[in-house]
Amino acid sequence: MSSFIQTASENSFVWRYINKLSDTAKLDLAASLLQSVAHKKPVMENKEWASMFCGAWKDDRTAETIIDDIRLSRTKNTEISL
């Protein structure tokens, strides 16, 4: 809910400035906004999209060893005094 309120507040902030523009400037702005939306790339339908950003995991350890390493490397959420 708070993000909606923040967005509405930001929109009214922007809207006050848009209202001060001339009609020609408003039309130019509207045309630019429409053009920017019209030229967006379509959303990828590939369900394997995440694999494009990373390589295959290569490790000689077993799953159990990896899990143990993760658990042993955890730290407690204690405050550190300096």
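**Figure 1. Salt bridge between D69 and R61.** D69 pairs with R61 in a salt bridge in which the closest N and O atoms are 2.5 Å apart; a salt bridge denotes a side-chain nitrogen of Lys or Arg within 4 Å of a carboxyl oxygen of Asp or Glu. The model is predicted, local features need pLDDT of at least 70, side-chain atom pairs count only at pLDDT 80 or more, and totals for chains, interfaces and linings use all residues. Residues are numbered from 1 along each chain as its sequence is written, and side-chain values use heavy atoms, with hydrogens and water left out. D69 has a relative accessible area of 33% and is partly exposed, a class lying between buried (under 20% relative accessible area) and exposed (over 50%), computed with a 1.4 Å probe and protein chains only.

**Figure 2. Salt bridge between D59 and R61.** The side chains of D59 and R61 form a salt bridge with an N to O distance of 2.6 Å. The side chains of D59 and R61 also make a polar contact at 2.6 Å; such a contact is a pair of N or O atoms within 3.5 Å, where, within protein, one must be able to donate a hydrogen and the other to accept it, and residues adjacent in sequence count only if both atoms are side-chain atoms. D59 is placed in the loop between α2 (23-38) and α3 (63-73). Helices (H or I, at least four residues) and strands (E, at least two) are DSSP runs, numbered from the N terminus. D59 is partly exposed at 30% relative accessibility, and R61 is likewise partly exposed, at 36%.

**Figure 3. The network of D59, R61 and D69.** Salt bridges link D59, R61 and D69 in a network. A search of the whole structure finds 2 salt bridges. Side chains of opposite charge can pair when their charged atoms come close.

**Figure 4. Nonpolar surface patch on F13, V14 and Y17.** F13, V14 and Y17 make a nonpolar surface patch of about 310 Å². Patches consist of residues with over 30% relative accessible area and no salt bridge, like charges being joined within 9 Å and nonpolar side chains (Val, Leu, Ile, Met, Phe, Trp, Tyr) within 5 Å. Accessible areas come from the Shrake-Rupley method with a 1.4 Å probe; for residues, only the protein chains shown count as cover. V14 belongs to helix α1 (residues 2-19) and is partly exposed, its relative accessible area being 43%.
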